[in-house]
Amino acid sequence: MKILFLLLFLNVAFGEFLEIVAEKFTGDNLKGVSVIEGNVDIKKGEDRLRADKVTIYTKENKLQEVYAEGNVDFIITTPDSRKIKGKSKSLRYDALQTQYHLLGDVHAQEEGKENSLNGDEVIVNKETGYMNVVGNKNKPARLIFNIDEVKKDGQGSTK
């Protein structure tokens, strides 16, 4: 029987709550480490993370880092409100740098668009928009983007 833990609501820097649902939760407030296992489903604002196991690191009740492993599935909302859905073998989120580091068979696609990427390693900074995609010899990185062009009148058009 699936045991639901709706146990942790951390008020993080932006005033959004972190909602966690899973089968098992182990937490150590002194060390600032929480380990969540079994059908983990985490929501923060419009972002969502699902995985087999997630470890959350906090300091003084503020989110520092999230590490997810096993069947990682995510939705990340960018500052310009685009939603990026994806999968990877693991995901590390550095809350201080607002940066995601995705490893292993990474696939991500912008919701409602053809924009997508595949690679072995992807780094995305949510705040700056910086992105680094790395493939390998047998499975190169692949990016598919629809880029707007600017017309002479200064208006953008979709190609």
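## Exposure classes and the model

Buried means under 20% relative accessible area, exposed means over 50%, and partly exposed lies in between. Lys83 has 23% relative accessibility, so Lys83 counts as partly exposed. The model is predicted.

## Overall make-up

The protein has 13 strands and zero helices. Read from the N terminus, the elements run β-β-β-β-β-β-β-β-β-β-β-β-β. Of its 159 residues, 32% count as buried.

The protein exposes about 10300 Å². Carbon and sulfur atoms supply 50% of that area. Take the contacts between residues at least 6 apart in sequence: 27% of them join residues at least 24 apart.

Strand 2 pairs with strand 4, residues 33-44. The sense is antiparallel, and the pairing runs over four bridges. Val21 has Asp41 of strand 4 as its bridge partner.

## Salt bridges across the chain

The count of salt bridges comes to ten. One of them joins the side chains of Glu46 and Lys83, at 2.4 Å from N to O. This pair links distant parts of the chain, 37 residues apart. Glu46 sits in the loop between strand 4 and strand 5, while Lys83 belongs to strand 7, residues 83-94. The two ends fall in separate exposure classes: Glu46 is exposed at 53% relative accessibility, and Lys83 is partly exposed at 23%.

Arg50 forms a salt bridge with Asp73, and their closest N and O atoms are 3.9 Å apart. This pair also links distant parts of the chain: Arg50 is in strand 5 and Asp73 in strand 6, 23 residues apart. Arg50 has a relative accessible area of 34%, so Arg50 is partly exposed. Asp73 is partly exposed too, at 23% relative accessibility.

## A salt-bridge network

Asp80 and Arg82 meet through their side chains in a salt bridge of 3.1 Å, N to O. Arg82 is partly exposed because its relative accessibility is 33%. Both residues belong to a network of salt bridges that links Asp80, Arg82, Glu110 and Lys113.

## Positive phi values

Most residues other than glycine have a negative phi. Glu60 has a positive phi, near 50°. Glu60 lies in the loop between strand 5 (47-59) and strand 6 (62-77). At 73% relative accessibility, Glu60 is exposed.

Asp105 also has a positive phi, near 45°. Asp105 lies within a strand, namely strand 8, residues 99-110. Its relative accessible area is 38%, so Asp105 is partly exposed.

## Leu103 in strand 8

Strand 8 also holds Leu103. Leu103 is partly exposed, at 37% relative accessibility. Which residues does Leu103 touch, not counting those up to four places away in sequence? They are Ser88, Lys89, Ser90, Asp120 and Glu121.

Leu103 and Glu121 are 18 residues apart along the chain, and their C-alpha atoms are separated by 4.6 Å.

Methods. Residues numbered from 1 in each chain as written. Predicted model: local features only at pLDDT ≥ 70, side-chain atom pairs only at ≥ 80, totals over all residues. Heavy atoms only, no water. Helix = DSSP H or I, 4+ residues; strand = E, 2+ residues; numbered from the N terminus. Buried < 20%, exposed > 50% of the residue type's maximum accessible area, 1.4 Å probe, protein only. Pairing = 2+ DSSP bridges. Contact = heavy atoms within 4.5 Å. Areas by Shrake-Rupley, 256 points an atom, 1.4 Å probe, with all protein chains shown as cover. Salt bridge = Lys/Arg side-chain N within 4 Å of Asp/Glu carboxyl O.
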